[in-house]
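Dear colleague,

Please read the notes with the structure open beside them.

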Amino acid sequence: MAKAFIGFGGNVGDTRQIITDAMVCLALCSQLRIIHKSCLYQSAPVEATGGDYINSVVQIETDLTPYGLLHVCQTIEQQFGRERPYENAPRTLDLDILYFEGVAQGDTELTLPHPRITERSFVLLPLLEIAPDFFLPEFGALKSYLPQVAHQRIEKLTCRNCASDEKAEYRPSAH
């Protein structure tokens, strides 16, 4: 089984519930198993329009190929009303394969690892929450990119997996 990380996000509708329900849909896929799930994060749009986004990351193990996993993710997006009227449009649900073990490719349909994995706090923070020492040969230790996204507004929201019951705004240090 291959390890993979999937980013969940959205900013249209009851996004918290949509992401929770989409994770249930993903968990129902018999060819994968969710290993870890991050808390939810609320962030300002980055190169996108609309209101704040809610994001999370899950780690899975799967027997699917990267394209098989992409098909599962796109099917779940469609079940929740995902439309793509223009690039970076507001969305009910967006599922991105961030990393797929043993695969590095630059295909137009699926680039792995995700080309902006180091540029988005809403990807780095939830991913590092569940895999704090995550290292990619192409990029190095992902935690080393936190200072570069420190200016992006993001806050960790409460969830049953979190130690804190309060909202905590996260500002990575420059060290």
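Which residues do ring pairs link into a cluster? They are Phe-5, Tyr-99 and Phe-134. Please bear in mind that this is a predicted model, in which local features need pLDDT of at least 70 and side-chain atom pairs count only at pLDDT 80 or more, while totals for chains, interfaces and linings use all residues. Residues are numbered from 1 along each chain as its sequence is written, and side-chain values use heavy atoms, with hydrogens and water left out.

A search of the whole structure finds four aromatic pairs (rings of Phe, Tyr and Trp, the last by its six-membered ring, with centres within 6.5 Å; planes under 30 degrees apart count as stacked, over 60 as edge-to-face and the rest as tilted). One of them joins Phe-5 and Phe-134, whose ring centres are 4.9 Å apart with the planes at 75°, so this pair is edge-to-face. Because Phe-5 lies in strand β1 (residues 2–10) and Phe-134 in the loop between α3 (121–130) and β8 (135–136), the pair ties together parts that are 129 residues apart in sequence (helices, H or I, of at least four residues and strands, E, of at least two are DSSP runs, numbered from the N terminus). Both Phe-5 and Phe-134 are buried (under 20% relative accessible area, with exposed over 50% and partly exposed in between, for a 1.4 Å probe and protein chains only).

As for the cysteines, the count comes to zero disulfides (pairs of cysteine sulfur atoms within 2.5 Å). For Cys-29, the nearest cysteine sulfur, that of Cys-73, is 9.2 Å away.
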